[in-house]
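Subject: Structure handover

Hi,

Here is the structure for your files. Please look it over, then read the notes below.

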Amino acid sequence: MAATLIDGKAFAAKVRGQVAEHVARLKEENGITPGLAVVLVGEDPASQVYVRSKGKQTVEAGMNSYEHKLDADTSEADLLAVVEQLNNDASVHGILVQLPLPKHMNEDLVINSIAPEKDVDGFHISNVGLLGTGQKSMVPCTPLGCLMMLREHHGSLSGMDAVVIGRSNIVGKPMAQLLLGDSCTVTIAHSRTKDLPDVVRRADIVVAAVGRPEMVPGDWIKEGATVIDVGINRIDAPEKGEGKMKLVGDVDFASASERAGAITPVPGGVGPMTIACLLANTVTACCRANGLKEPEGLTA
């Protein structure tokens with residue numbers, strides 16, 4: 001059985017289109033333009049690429065994009081001052097501080113200095129607590145994107161058995177909370193889980209987010225299960241020539257595709273959804289800040 005490919009790139013384009021439509025309505029009916037501010041400290045090449053992409057897609061969706069680029073030796077106090085300025089700026093509805101930060105900065109302190117209602121990454125301790133207790137929160141972008149794709153593919157997730165492999169604060173834990181919110185039976189598995197293959201084989205839904213290339217082989221996958229591969233790992237690709245690299249997920253795509261009912265590819269699966277959900281979160285934050293109805297289908 002060949003698995004159905006869940007095309008994250010196409011679905012992300014659909015979400016961005018929904019965001020753009022809602023932004024246009026906000027402008028026309030309320031005279032409001034959502035604004036997203038991204039703060040980049042230092043010159044990490046990968047972070048620079050992400051920030052450029054976020055800025056480009058923000059503008060394409062009709063929103064205001066604000067970029068604050070700080071030197072790597074910027075003091076923590078100066079970064080906190082920038083965040084406080086953005087907290088108090090009514091034209092900014094979403095704030096994202098690009099991680100990782102330089103080693104002399106306390107990431108938790110910086111993230112928790114963002115106003116929770118503007119925390120479009122969903123990392124603030126208040127949003128973590130709200131999500132964990134089933135209350136309205138800002139939801140981390142990558143798990144939100146995974147949830148959207150699962151809902152699109154299955155409709156209702158109620159009663160399904162889900163295994164999340166990985167227990168990070170950014171993906172694993174919030175993913176489990178979101179699946180619980182959609183009435184799945186959820187297991188969080190990790191590197192120390194006993195009989196991990198057997199645990200995974202029970203699952204109707206497998207979300208792999210461990211950061212280990214091709215860790216999950218096809219024979220761990222239940223026939224017909226849906227596999228969401230969050231991993232993005234760069235490995236050697238000798239078949240492409242000396243020194244060449246390729247991107248792979250946490251799941252062995254070739255063997256898993258033979259058993260799964262549906263699967264996300266890497267690249268082109270979960271990755272594109274992360275920025276799309278960042279834009280969706282910014283629109284949601286804007287609507288909440290102005291007491292307006294939230295856009296349907298763009299949040300949990």
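Cys286 counts as buried, at 0% relative accessibility. Buried means under 20% relative accessible area, exposed means over 50%, and partly exposed lies in between, with a 1.4 Å probe and protein chains only. The sulfur of Cys286 is 5.6 Å from the closest cysteine sulfur, which belongs to Cys287. That is too far for a bond. A disulfide is a pair of cysteine sulfur atoms within 2.5 Å.

Cys184 is also buried, with a relative accessible area of 6%. Its closest cysteine sulfur is in Cys146, 13 Å away, again too far for a bond. Searching the whole structure gives 0 disulfides.

On provenance: this is a predicted model, where local features need pLDDT of at least 70 and side-chain atom pairs count only at pLDDT 80 or more, while totals for chains, interfaces and linings use all residues. Residues are numbered from 1 along each chain as its sequence is written, and side-chain values use heavy atoms, with hydrogens and water left out.

Now the helix packing. Two packed helices are described by the angle between their axes and the distance between the axes. Axes are lines fitted to C-alpha atoms, for helices over the stretch in contact, and angles run from 0 to 180 degrees between N-to-C directions. Helices are DSSP runs (H or I, at least four residues), numbered from the N terminus.

H1 (residues 8–30) and H10 (residues 271–289) have axes that come within 8 Å and cross at roughly 20 degrees. H1 and H10 are therefore roughly parallel (under 35 degrees; over 145 is roughly antiparallel, 65 to 115 roughly perpendicular, the rest oblique). Contact means heavy atoms within 4.5 Å. On the H1 side, the contact residues include Phe11, Val15, Val19 and Leu26; on the H10 side, they include Met273, Leu279, Val283 and Cys286. By class, this contact has 14 nonpolar, 2 polar and 2 charged residues. Ala, Val, Leu, Ile, Met, Phe, Trp, Tyr, Cys and Pro count as nonpolar, Asp, Glu, Lys and Arg as charged, and the others, Gly among them, as polar.

H6 (residues 141–154) also meets H10: the axes come within 8 Å and cross at roughly 100 degrees. That makes H6 roughly perpendicular to H10. Among the residues in contact are Leu144 and Met148 of H6, and Met273 and Leu278 of H10. The classes here are 7 nonpolar, 4 polar and no charged residues.

Last, Ser137. Ser137 lies in the loop between H5 (125–132) and H6. Ser137 counts as buried, at 6% relative accessibility. Beyond its neighbours within four places in sequence, Ser137 is in contact with Asn127, Leu130, Leu131 and Arg288.

Best wishes

Notes:
Helix = DSSP H or I, 4+ residues; strand = E, 2+ residues; numbered from the N terminus.
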